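Work through the exercises below with the sequence and the model at hand. Each task is followed by a solution in steps.

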Amino acid sequence: MVPPLVLDIDGTLTDADGHLDPRAFEVLPSWDAPVILATGKAFPYPVSLCHYLGLPQTVIAENGGVVLADGEVTFTGDREAAQAAADEFVARGGDLGWDAADTANRWRETEIIARLDADEALLREVADEFDLEVIDTGFAYHIKTPGVEKGVGLERVCETMDYDPEEFVAVGDSVNDASTFGVAGRSFAVANADDVAKEAADTVLDQSYMDGTLSVLESLREEDAA
Ligand SMILES: O=C(O)COP(=O)(O)O
Ligand SMILES: [Mg+2]
(Lines give C-alpha, C1' and ligand atoms only; values in the text may rest on other atoms or scores of the structure.)
(Ligands and ions follow the chains in the order given, each with its own letter.)
Protein backbone atom coordinates (compact mmCIF):
# COMPACT_ATOMS: atom_id res chain seq x y z
CA MET A 1 0.00 0.00 0.00
CA VAL A 2 1.22 3.50 -0.75
CA PRO A 3 1.14 5.77 2.33
CA PRO A 4 -1.42 8.54 2.92
CA LEU A 5 -0.26 12.02 1.88
CA VAL A 6 -0.54 15.46 3.38
CA LEU A 7 0.28 18.01 0.70
CA ASP A 8 0.72 21.74 0.76
CA ILE A 9 -0.74 23.54 -2.26
CA ASP A 10 1.12 26.77 -3.13
CA GLY A 11 4.72 26.12 -4.02
CA THR A 12 4.20 22.34 -3.81
CA LEU A 13 1.44 21.45 -6.29
CA THR A 14 1.87 24.68 -8.26
CA ASP A 15 4.45 26.51 -10.30
CA ALA A 16 6.28 29.61 -9.03
CA ASP A 17 3.31 31.81 -9.98
CA GLY A 18 0.89 29.79 -7.85
CA HIS A 19 -0.79 28.10 -10.81
CA LEU A 20 -1.78 24.49 -10.28
CA ASP A 21 0.45 22.03 -12.12
CA PRO A 22 -1.89 20.00 -14.35
CA ARG A 23 -0.05 16.80 -13.46
CA ALA A 24 -1.91 16.97 -10.12
CA PHE A 25 -4.98 15.79 -12.04
CA GLU A 26 -3.17 12.62 -13.11
CA VAL A 27 -1.46 11.63 -9.91
CA LEU A 28 -3.71 12.65 -7.02
CA PRO A 29 -7.09 11.13 -7.93
CA SER A 30 -5.41 7.78 -8.61
CA TRP A 31 -3.38 7.75 -5.36
CA ASP A 32 -4.41 4.58 -3.54
CA ALA A 33 -4.53 6.09 -0.02
CA PRO A 34 -5.96 9.26 1.54
CA VAL A 35 -4.69 12.59 0.21
CA ILE A 36 -5.11 15.58 2.53
CA LEU A 37 -4.62 19.11 1.20
CA ALA A 38 -3.10 21.38 3.87
CA THR A 39 -2.94 25.03 2.90
CA GLY A 40 -2.79 28.61 4.06
CA LYS A 41 -5.54 29.44 1.58
CA ALA A 42 -9.09 30.16 2.76
CA PHE A 43 -11.40 27.16 3.16
CA PRO A 44 -13.18 27.31 -0.24
CA TYR A 45 -9.91 26.95 -2.17
CA PRO A 46 -8.88 23.44 -1.06
CA VAL A 47 -12.53 22.33 -1.00
CA SER A 48 -12.88 23.37 -4.66
CA LEU A 49 -9.58 21.75 -5.51
CA CYS A 50 -10.75 18.45 -3.97
CA HIS A 51 -14.01 18.79 -5.86
CA TYR A 52 -12.35 19.32 -9.23
CA LEU A 53 -9.65 16.73 -8.62
CA GLY A 54 -12.32 14.21 -7.62
CA LEU A 55 -10.82 13.71 -4.13
CA PRO A 56 -12.80 13.21 -0.92
CA GLN A 57 -13.02 16.56 0.91
CA THR A 58 -10.45 16.21 3.68
CA VAL A 59 -8.75 19.56 4.07
CA ILE A 60 -6.71 21.70 6.42
CA ALA A 61 -7.19 25.36 5.46
CA GLU A 62 -6.03 28.72 6.82
CA ASN A 63 -2.85 27.18 8.25
CA GLY A 64 -4.89 24.83 10.47
CA GLY A 65 -7.59 27.35 11.41
CA VAL A 66 -10.19 25.33 9.52
CA VAL A 67 -10.24 21.54 9.36
CA LEU A 68 -12.71 19.41 7.41
CA ALA A 69 -12.71 15.66 7.95
CA ASP A 70 -15.51 13.12 7.72
CA GLY A 71 -18.03 15.84 6.87
CA GLU A 72 -17.25 17.75 10.09
CA VAL A 73 -15.70 21.24 10.20
CA THR A 74 -13.77 22.65 13.16
CA PHE A 75 -12.39 26.16 13.59
CA THR A 76 -9.55 27.53 15.69
CA GLY A 77 -8.00 30.99 15.57
CA ASP A 78 -9.33 34.42 16.40
CA ARG A 79 -10.67 36.05 13.21
CA GLU A 80 -12.00 39.04 15.14
CA ALA A 81 -8.59 39.80 16.63
CA ALA A 82 -6.98 39.40 13.19
CA GLN A 83 -9.60 41.75 11.69
CA ALA A 84 -9.01 44.29 14.47
CA ALA A 85 -5.26 44.12 13.84
CA ALA A 86 -5.81 44.52 10.09
CA ASP A 87 -8.08 47.53 10.69
CA GLU A 88 -5.44 49.09 12.94
CA PHE A 89 -2.75 48.41 10.31
CA VAL A 90 -4.89 50.26 7.74
CA ALA A 91 -5.65 53.09 10.21
CA ARG A 92 -1.87 53.60 10.58
CA GLY A 93 -1.43 53.92 6.84
CA GLY A 94 -0.91 50.28 5.87
CA ASP A 95 -2.51 48.66 2.83
CA LEU A 96 -3.41 44.95 2.75
CA GLY A 97 -3.10 45.18 -1.01
CA TRP A 98 -6.38 43.62 -2.19
CA ASP A 99 -9.05 45.10 -4.44
CA ALA A 100 -12.61 45.82 -3.29
CA ALA A 101 -13.77 42.22 -3.78
CA ASP A 102 -10.91 40.94 -1.56
CA THR A 103 -11.41 37.29 -2.48
CA ALA A 104 -8.26 36.50 -0.47
CA ASN A 105 -10.04 37.31 2.82
CA ARG A 106 -13.74 37.31 1.88
CA TRP A 107 -14.32 33.72 3.01
CA ARG A 108 -11.44 33.57 5.49
CA GLU A 109 -12.77 32.59 8.92
CA THR A 110 -9.82 32.44 11.32
CA GLU A 111 -7.10 34.86 10.12
CA ILE A 112 -6.41 37.72 7.67
CA ILE A 113 -3.82 37.94 4.92
CA ALA A 114 -1.93 40.79 3.28
CA ARG A 115 -0.05 40.89 0.00
CA LEU A 116 3.71 40.54 0.14
CA ASP A 117 4.16 44.18 -0.88
CA ALA A 118 2.43 45.33 2.34
CA ASP A 119 4.53 47.13 4.97
CA GLU A 120 5.94 44.11 6.81
CA ALA A 121 7.46 46.01 9.74
CA LEU A 122 4.19 47.83 10.46
CA LEU A 123 2.20 44.60 10.07
CA ARG A 124 4.43 42.81 12.60
CA GLU A 125 4.32 45.73 15.01
CA VAL A 126 0.51 45.87 14.99
CA ALA A 127 0.06 42.07 15.11
CA ASP A 128 2.31 41.96 18.16
CA GLU A 129 0.09 44.49 19.93
CA PHE A 130 -2.88 42.13 19.38
CA ASP A 131 -0.91 39.05 20.53
CA LEU A 132 -1.00 37.72 16.99
CA GLU A 133 1.84 36.62 14.74
CA VAL A 134 2.72 37.29 11.12
CA ILE A 135 4.07 34.53 8.89
CA ASP A 136 5.44 34.95 5.38
CA THR A 137 4.60 31.90 3.25
CA GLY A 138 6.20 33.35 0.14
CA PHE A 139 2.69 33.90 -1.23
CA ALA A 140 1.20 36.22 1.44
CA TYR A 141 1.60 37.55 4.97
CA HIS A 142 -0.79 35.80 7.35
CA ILE A 143 -1.93 37.61 10.52
CA LYS A 144 -2.81 34.65 12.69
CA THR A 145 -3.30 33.27 16.17
CA PRO A 146 -0.09 31.67 17.47
CA GLY A 147 -0.45 27.92 17.94
CA VAL A 148 -2.89 27.48 15.06
CA GLU A 149 -0.86 25.26 12.76
CA LYS A 150 -1.34 22.82 9.91
CA GLY A 151 0.32 20.11 12.02
CA VAL A 152 -2.31 20.50 14.75
CA GLY A 153 -4.90 20.27 11.98
CA LEU A 154 -3.35 17.01 10.79
CA GLU A 155 -3.62 15.60 14.30
CA ARG A 156 -7.30 16.59 14.34
CA VAL A 157 -7.94 14.92 10.97
CA CYS A 158 -6.23 11.79 12.23
CA GLU A 159 -8.34 11.70 15.41
CA THR A 160 -11.55 12.15 13.43
CA MET A 161 -10.68 9.59 10.77
CA ASP A 162 -8.74 7.21 12.98
CA TYR A 163 -5.40 7.45 11.21
CA ASP A 164 -1.96 7.57 12.76
CA PRO A 165 -0.11 10.79 11.74
CA GLU A 166 3.08 8.70 11.61
CA GLU A 167 1.72 6.92 8.54
CA PHE A 168 1.61 10.17 6.56
CA VAL A 169 4.14 11.46 4.09
CA ALA A 170 4.21 15.27 3.95
CA VAL A 171 5.45 17.56 1.17
CA GLY A 172 5.65 21.33 1.52
CA ASP A 173 7.60 24.48 0.80
CA SER A 174 7.33 27.01 3.58
CA VAL A 175 7.26 28.02 7.22
CA ASN A 176 3.59 27.02 7.48
CA ASP A 177 4.54 23.41 6.63
CA ALA A 178 7.10 22.99 9.41
CA SER A 179 4.45 21.87 11.91
CA THR A 180 3.13 19.28 9.45
CA PHE A 181 6.66 17.99 8.98
CA GLY A 182 6.91 17.60 12.76
CA VAL A 183 3.76 15.47 12.95
CA ALA A 184 3.92 13.34 9.77
CA GLY A 185 6.06 10.21 9.72
CA ARG A 186 8.16 11.35 6.75
CA SER A 187 8.61 14.85 5.39
CA PHE A 188 10.01 16.40 2.23
CA ALA A 189 10.74 20.03 1.39
CA VAL A 190 10.77 20.90 -2.32
CA ALA A 191 13.95 22.66 -3.53
CA ASN A 192 12.15 26.03 -3.66
CA ALA A 193 11.28 25.76 0.06
CA ASP A 194 12.21 28.46 2.55
CA ASP A 195 14.87 27.87 5.20
CA VAL A 196 12.40 27.03 7.98
CA ALA A 197 10.75 24.31 5.90
CA LYS A 198 14.11 22.93 4.76
CA GLU A 199 15.32 22.80 8.36
CA ALA A 200 12.15 21.02 9.53
CA ALA A 201 11.99 18.44 6.71
CA ASP A 202 13.58 14.99 6.91
CA THR A 203 14.66 15.38 3.28
CA VAL A 204 15.24 18.40 1.05
CA LEU A 205 14.50 17.52 -2.58
CA ASP A 206 16.70 18.42 -5.54
CA GLN A 207 13.71 19.43 -7.64
CA SER A 208 11.35 22.37 -7.24
CA TYR A 209 7.58 22.76 -7.15
CA MET A 210 5.54 19.90 -8.66
CA ASP A 211 8.68 18.27 -10.11
CA GLY A 212 9.86 17.77 -6.52
CA THR A 213 6.49 16.55 -5.30
CA LEU A 214 6.17 14.10 -8.20
CA SER A 215 9.65 12.74 -7.46
CA VAL A 216 8.45 11.84 -3.94
CA LEU A 217 5.24 10.23 -5.19
CA GLU A 218 7.15 8.23 -7.79
CA SER A 219 9.60 6.91 -5.23
CA LEU A 220 6.75 6.01 -2.86
CA ARG A 221 5.12 4.04 -5.66
CA GLU A 222 8.43 2.30 -6.36
CA GLU A 223 8.85 1.41 -2.67
CA ASP A 224 5.33 -0.02 -2.69
CA ALA A 225 6.02 -2.10 -5.79
CA ALA A 226 9.32 -3.47 -4.46
O1 LIG B 1 -1.86 30.80 1.34
C2 LIG B 1 -0.61 30.89 1.36
O3 LIG B 1 -0.02 31.91 1.73
C4 LIG B 1 0.22 29.72 1.00
O5 LIG B 1 -0.61 28.62 0.73
P6 LIG B 1 -0.02 27.14 0.93
O7 LIG B 1 -0.04 26.87 2.39
O8 LIG B 1 -0.96 26.25 0.13
O9 LIG B 1 1.37 27.15 0.37
MG1 LIG C 1 3.17 26.38 0.30
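**Exercise 1.** What covers the buried residues of α8?

*Solution.* The model is predicted: local features need pLDDT of at least 70, side-chain atom pairs count only at pLDDT 80 or more, and totals for chains, interfaces and linings use all residues. Residues are numbered from 1 along each chain as its sequence is written, while chains are lettered from A and ligands numbered from 1 in the order in which they are written.

Step 1. Helices (H or I, at least four residues) and strands (E, at least two) are DSSP runs, numbered from the N terminus. Helix α8 comprises residues 209-225.

Step 2. A residue is buried if 20 or more other C-beta atoms, placed from the backbone, lie within 10 Å of its own, exposed if 12 or fewer, and partly exposed in between. In α8 the buried residues are Tyr-209, Met-210, Gly-212, Thr-213, Val-216 and Leu-217. They fall within an arc of 165 degrees (taken from the directions from the helix axis to the C-beta atoms), so they line one face of the helix.

Step 3. The cover over these buried residues includes β1, α1, β9 and β10 (186-189). Contact means C-beta atoms, placed from the backbone, within 7 Å. Turned away from the buried side are the exposed residues Glu-218, Ser-219, Glu-222 and Ala-225.

**Exercise 2.** In which order do the eight strands form the open sheet?

*Solution.* Two strands pair if DSSP finds at least two bridges between them. The order is β5-β4-β3-β2-β1-β9-β10-β11, with mixed pairing. At the edges are β5 (72-75) and β11 (203-204), each pairing on one side only. Strands β1 and β2 (residues 35-38) run parallel and are joined by three bridges.

**Exercise 3.** Which residues does the UniProt annotation "binding site" cover?

*Solution.* Step 1. The unreviewed UniProt entry gives Asp-8, Asp-10, Asp-173 and Asp-177; such annotations may be inferred rather than shown by experiment. The four span 170 residues in sequence, yet no two of their C-alpha atoms are more than 10.9 Å apart, so they gather at one spot.

Step 1. Asp-8 is in the loop between β1 (5-7) and α1 (24-27), and Asp-173 is in the loop between β9 (169-172) and α6 (178-183).

Step 2. Asp-8 counts as buried, with 28 C-beta neighbours inside 10 Å. Asp-173 is also buried, with 31 other C-beta atoms within 10 Å. Among the contacts of Asp-8 are Asp-173 and Asp-177.

Methods: Two residues are in contact if their C-beta atoms, placed from the backbone, lie within 7 Å. The expected span of a helix is 1.5 Å times one less than its number of residues. Lists of a residue's contacts leave out its neighbours within four places in sequence.
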